[in-house]
Number of protein chains: 2
Amino acid sequence: MTDFKEYLGSCQERIDGYLNQHLNSDQPRLDRLFSAIRYSVTNGGKRIRPMLAYASCEALQGDIAQADPVAAAVEMIHAYSLIHDDLPAMDNDDLRRGQPTCHRAFDEATAILAGDALHAMAFDWLAAAEQFDPAIRLRMVQLLAAAAGPAGMVGGQAIDLGAVGQSLDIETLENMHRQKTGALIRASVQLGALASGHASQAHLKALGTYAECIGLAFQVQDDILDIESETSVLGKQQGADLARDKPTYPALLGLEGARQLAASLRDQAVDALQPLGPDSARLQQLANYIVQRDF
Amino acid sequence: MTDFKEYLGSCQERIDGYLNQHLNSDQPRLDRLFSAIRYSVTNGGKRIRPMLAYASCEALQGDIAQADPVAAAVEMIHAYSLIHDDLPAMDNDDLRRGQPTCHRAFDEATAILAGDALHAMAFDWLAAAEQFDPAIRLRMVQLLAAAAGPAGMVGGQAIDLGAVGQSLDIETLENMHRQKTGALIRASVQLGALASGHASQAHLKALGTYAECIGLAFQVQDDILDIESETSVLGKQQGADLARDKPTYPALLGLEGARQLAASLRDQAVDALQPLGPDSARLQQLANYIVQRDF
């Protein structure tokens, strides 16, 4: 088995190639829109969600190529959400991954439309993925739409915006993150599993628990990094969340408490993988990576 | 057969009831988001797209109740596009149907999220419409996603924004409108036909031609009304498109030329319905209504 960093790199290369190949239009009048789309989608993201889809597919002995459309779909939903979240009316961020945000590099109208286009294309590509049975594809669309909508990502973002300046208790904070980032992480795992063609209910349940845990762990680590990292490493202003008086795990639990929570969630995630056996090694490594990453 | 205005009213009542019943959440923290969603979706729109879905379903002897989820889905995509188009960075409109636009009545962040939520929910509801076979539902999702995305509505809006201050020729203007408004009108007709359970390829082709024609006719009439109507009737600033130096049909063809084009498109639309026989009467009436309406 290759080194985890190599595996992560190979997943990044794979999804970047797939996205670059497909994210274009033959309409010259859409050049600016697609420049903004490609700029936002291929600016060096970590590709955690595509990797989760690939690794879940492989954990169930699926062929990694099967998972390309679902890896692309979850990353496109993620990319659209970042574009919209960065807008002046939302988080008003100038930098994303060390580069100007989409509305800074282009303009606000183009950024809004680039997000909307990615949102629609994610469903378009998924629905058109003919290697899957219609019933499977439909299930994928349902899972992704639920994860993206008000019961998932959009709802979490709405709650987050409404919570600026409020002190949330840990349960409310957890629910907010479960929707804002957890739902799409869960969908990434579920869609990857469905792409394998061998996903039983028991598999989906085990992977669901795994996804819940790493989803929260990811957020806790994000909050920790927001305090610890320098702007140059993180690619956005350090302490940006604190500066906006957003509720964070370190604010609620202290830095050491937040670190312990992240480690405990990682352990629960790894435990949940036991029924899947050794083929889930990549998912285990990913759980470790999520709480150990420093960017 | 009841009067057309009565029929239109019954369709409006039907879709308003369906949307009001379903557009809510049990999460108190999403109250503001759903207030903005309901405000935008149920503020007295003409409901042309739901009516097209219902009338197409009936034209193929389908039960009107079958078409509820598709009527809702196309109206939700339409409503999301209006919310985003009205934003300050886009058309910067203060009024929509005589009422403050979503970002004026609420705030910009909520308006962006309300649009995003409607976008995701449209696919969620469609994918969950269990009265249809998975293969039919999947086809519906594909048609709607393609109509909403860069090859359709979002692409048309991008071209429109890029064309402000430019003089477009009639072909480019037509292509722009075919994407911006035509694609979703076509999808409304196609999804309604699929909802009937009796849509043959020949039906879909005839209805496709019909939809192309009324889609353009609708836009031509919109441009005419923008010049003719007073602000109080239209619910937005009169001459707003001209004032922003947007290309319009009357600007290219003169007012009389635009009127003739609208009438000719109406005639082509009605001709296209011939293979469907008398059950397509509502669609014929709708074609007339589109070029005769004064609001």
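I started at E212(A), which counts as partly exposed at 30% relative accessibility. A reminder to myself: this is a predicted model. I then looked for the partner of E212(A) and found R186(A), in a salt bridge whose closest N and O atoms are 3.0 Å apart. The two sit in distant parts of the chain, R186(A) in helix α9 (residues 170–196) and E212(A) in helix α10 (residues 201–228), 26 residues apart. R186(A) is partly exposed as well, with a relative accessible area of 29%.

Next I turned to chain B. D68(B) forms a salt bridge with R14(B), and their closest N and O atoms are 2.8 Å apart. This pair also joins distant parts of the chain, as D68(B) is in helix α4 and R14(B) in helix α1, 54 residues apart. Are these two buried or exposed? D68(B) counts as buried because its relative accessibility is 10%, under the 20% limit. R14(B) has 30% and counts as partly exposed.

I noted a local pair too: the side chains of R259(B) and E256(B) meet at 3.2 Å, N to O. Both lie in helix α13 (residues 249–272) of chain B, three residues apart, about one turn of the helix. R259(B) is partly exposed at 35%, and E256(B) is partly exposed at 46%. Over all chains, my search of the whole structure gave 28 salt bridges.

**Where the chains meet**

How many salt bridges cross the interface of chain B and chain A? I found zero. I did find five residue pairs in polar contact between the chains, both residues at pLDDT 80 or more. By class, the side of chain B that touches chain A has 29 nonpolar, ten polar and five charged residues. I put the buried area at about 3,700 Å², with carbon and sulfur atoms giving 75%. In contacts, 44 residues of chain B meet 44 residues of chain A.

Which helices supply the chain B side? Among those giving at least two residues each are α2 (31–41), α4 (68–86) and α9 (170–196). The largest share, twelve residues, comes from α6(B).

**Symmetry**

I laid chain B on chain A: a turn of 180° and a shift of 0.0 Å along the axis gave an RMSD of 0.0 Å. That is the relation of a two-fold axis. 100% of the interface residues of chain B are also interface residues in chain A, so the copies meet through the same surface.

Methods. Residues numbered from 1 in each chain as written. Chains lettered and ligands numbered in written order. Predicted model: local features only at pLDDT ≥ 70, side-chain atom pairs only at ≥ 80, totals over all residues. Heavy atoms only, no water. Contact = heavy atoms within 4.5 Å. Buried area = accessible area lost by both parts, 1.4 Å probe. Salt bridge = Lys/Arg side-chain N within 4 Å of Asp/Glu carboxyl O. Polar contact = N/O pair within 3.5 Å; in protein donor to acceptor, adjacent residues only side chain to side chain. Helix = DSSP H or I, 4+ residues; strand = E, 2+ residues; numbered from the N terminus. Nonpolar A, V, L, I, M, F, W, Y, C, P; charged D, E, K, R; others polar. Least-squares fit on C-alpha atoms with pLDDT ≥ 70 in both. Buried < 20%, exposed > 50% of the residue type's maximum accessible area, 1.4 Å probe, protein only.
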